[in-house]
Amino acid sequence: MDFSWSGPQSAFRARVVDFLKSELPDDWSEIARHGPGSRQQTDFSLRFCPKLAEAGLLVPHWPKEFGGEGATVWEHFILGEEMWAAGEPRGPQYMNVNWIGPTIMRFGTDEQKELHLPRAAQGQAIWCQGFSEPSAGSDLVSLRTSAERDGDNFVINGSKIWTSYAGLADHCFLLARTSGKRKDGICIFIVPMDTPGISVRPIPSLVGEGDIHEVFFNDVTVPASAMLGEEGKAWSIITYSLGNERVGIPRYEFSRRTLDTLVARLKEEDRWNDEYIRYRAGQALCACEAARLLVYRVVDERSRGAPPSAESSLARFAVITADHAVSNFGLEFLPDSYSNDDISSLKPHHERAIASGIASGAAEIQLGIVAQSYLELPWEPRA
Amino acid sequence: MNFAVPEECNALIGALEKLLAQAEATAQAVDGSRSFFTGALDAALEEAGFLDAAGLEEFGPIAAAMVVQEISSKPVIVEAAHSSFVRALALPDWPRPIAVLTGKFDQATRFLGVARSVVLLGENHARACRIEGKDTIATEPFFAYPMARLADPAACLARSEVVSDAALVRRLLLVATACELSGVLKGALFSVNEYVKNRRQFGRALGSFQAVQHRLAMCASTIAAGEWLARRAAVSGSMEDAVMAAGYLQESTSRILYDLHQFMGAMGLTLEHPLYRWSYRAKLLVSDLGGASRQLRDVAVIAWPETA
């Protein structure tokens with residue numbers, strides 16, 4: 001057992017850090033103040049990600065045939081840590097490289113791979129994820145958006161909600177129902193967002209501009225070739241995708257670096273001698289490191305090819321706890337810095353922290369998975 | 001990074017599980033004692049060498065961490081943590097069981113009544129003293145451990161000898177506490193988990209209520225993190241990791257124990273059910289070496305030193 005980084009892992013991290021030092025512009029911290037789904041961050045990602053791709057650092061973990069370098073699972077994760085520590089300059093494109101691309105690689109047709117993977121690997125694709133609906137949030141199986149067969153096409157009707165990045169996305173990874181069978185009636189469609197019949201309404205929110213939307217599908221016609229995977233087999237694909245997504249984001253690293261920033265400001269204000277502040281900083285630090293170790297354990301299992309397990313939900317809950325511990329620490333001891341916006345990473349961190357227990361599978365859903373799969377507690381009978 | 005348990009450790013833990021299962025099968029019925037010491041098992045563990053793993057090249061500190069966590073997760077009380085870390089790595093020639101005293105060396109401490117050596121941890125040095133006939137006075141049981149204090153701390157101090165640098169022993173004690181506390185909390189969690197699976201109220205298992213499930217799941221996430229923080233501290237040898245592991249677990253303990261006792265109901269108040277064997281050890285371990293408040297302040301100072 002070894003809790004330190006190997007030589008090649010450290011070298012890879014140094015490569016990422018060097019790239020960020022040389023390529024992140026001076027005004028990045030200003031751009032990062034806007035939400036990850038904002039026009040500013042999206043446009044920035046379309047300039048920054050191609051440079052990352054050119055340096056071999058956008059999709060290094062993808063197989064070489066799809067533009068990657070065949071980097072290890074750990075190297076992929078180190079890349080994510082450094083990107084998140086820098087405020088995630090990939091903007092919405094982190095989704096493409098973490099789970100949308102790998103899902104298309106595994107389940108897509110040759111045509112879909114050819115159409116979508118090169119653009120994602122070159123840093124030119126913006127996707128949104130059409131999962132949640134007004135009546136199907138955490139209970140995803142209850143989704144109602146329909147896709148009816150019409151000859152060689154499907155006609156999609158319904159609506160999605162809380163859809164991140166939809167305002168500027170060029171494609172949607174859409175879940176829709178082709179039959180009434182619960183899990184077995186759900187299919188995935190890759191839908192161009194400029195298809196007639198799609199309309200998007202931004203939802204003003206606490207989590208950053210341009211981040212969440214409603215998306216309406218009104219007789220949206222897509223060819224049958226837009227379906228990803230076999231009809232009725234979407235649930236196993238979704239499980240695979242969410243398994244990649246749930247621990248794919250090293251949020252604790254952003255929290256940890258934000259905590260460093262908060263402590264630095266408290267030192268500047270000559271408040272670091274306060275024993276209670278130190279105690280609370282220690283609490284928040286422990287929460288970050290607890291999350292880190294549980295996430296690393298999942299990454300380690302993944303690196304050995306182990307199937308996804310409830311361990312990822314244990315880790316997700318710890319990550320949420322860490323996000324909140326750091327945000328609460330900042331709000332308690334440096335509230336003026338939130339009001340005055342005089343530390344550039346604070347508001348973005350806070351916005352991500354308040355969303356982290358909601359997005360990508362709510363915290364309470366993770367606890368339910370832990371209860372049933374890790375603790376093996378009995379199901380609550382349905383009403 | 002490599003979280004895989006080495007083959008040798010797996011074999012060691014497999015053998016330990018067998019010994020613990022045997023001890024459980026032959027254990028005497030609960031006699032209503034609030035504190036106790038599983039002396040025969042303690043001797044068997046020593047004889048088989050399980051408590052020496054940290055100092056052996058083929059095993060090392062990770063094996064010691066897993067041994068302590070495994071033993072502590074069972075409803076037995078043996079002196080495993082101090083021996084596995086402090087004795088194995090700082091005073092290997094001293095007889096065990098080992099008790100530890102800090103401050104003025106006049107407080108009651110666990111295992112002192114059954115110990116053959118006591119470590120007196122001062123500011124700069126760790127001293128050790130062999131325990132003789134009338135050195136200790138047993139105290140009224142409150143915690144599940146056997147507790148005693150020194151009859152004459154000054155006399156014991158006068159007989160003692162310096163055995164190690166205080167910083168090393170303090171770090172090893174923090175790791176020992178973290179490993180023991182993570183094992184104790186895990187044992188308590190799974191004991192309560194088993195209970196709520198089987199105990200039926202309102203026509204269904206208690207464990208099927210979401211309110212119960214989610215709080216136990218929160219406990220599980222915290223305990224799993226503590227378990228790995230303790231292992232990292234054992235392996236890395238870093239003081240920052242040691243104070244972090246101990247502080248994180250000590251800080252989390254009261255919330256976890258509240259939930260576990262809540263879900264066990266009145267049964268958890270009895271000496272028939274073994275929950276107290278874990279919870280009343282945890283209630284003592286939270287104060288070790290200054291408790292969470294000291295560890296969390298210390299970890300902050302190490303992570304963000306004044307001069308940085």
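1. Strands here are DSSP runs of E with at least two residues, helices are runs of H or I with at least four, and both are numbered from the N terminus; two strands pair if DSSP finds at least two bridges between them. On that basis, chain B has an open sheet of four strands in the order β1-β3-β4-β7, with mixed pairing. At its edges stand β1 (98-101) and β7 (161-165) of chain B, each with a single partner strand, so one side of each lacks a neighbour in the sheet.

2. A word on provenance: this is a predicted model, where local features need pLDDT of at least 70, side-chain atom pairs count only at pLDDT 80 or more, and totals for chains, interfaces and linings use all residues. Residues are numbered from 1 along each chain as its sequence is written, with chains lettered from A and ligands numbered from 1 in the order in which they are written.

3. Back to the sheet: β3 (residues 117-121) and β4 (residues 125-130) of chain B run antiparallel over five bridges. Val119(B) has Ala128(B) as its bridge partner in β4(B).

4. Two helices deserve a look. Helix α4 (residues 81-90) of chain B packs on the sheet, touching β1, β3, β4 and β7 of chain B, where contact means C-beta atoms, placed from the backbone, within 7 Å. Helix α6 (residues 166-198) of chain B also packs on the sheet and touches β1, β3, β4 and β7 of chain B.

5. Finally, Leu294(A): leaving out residues up to four places away in sequence, Leu294(A) touches Leu314(A), Ala315(A) and Ala318(A), plus Ala224(B), Ala225(B) and Trp228(B).

Terms used: Axes are lines fitted to C-alpha atoms, for helices over the stretch in contact, and angles run from 0 to 180 degrees between N-to-C directions.
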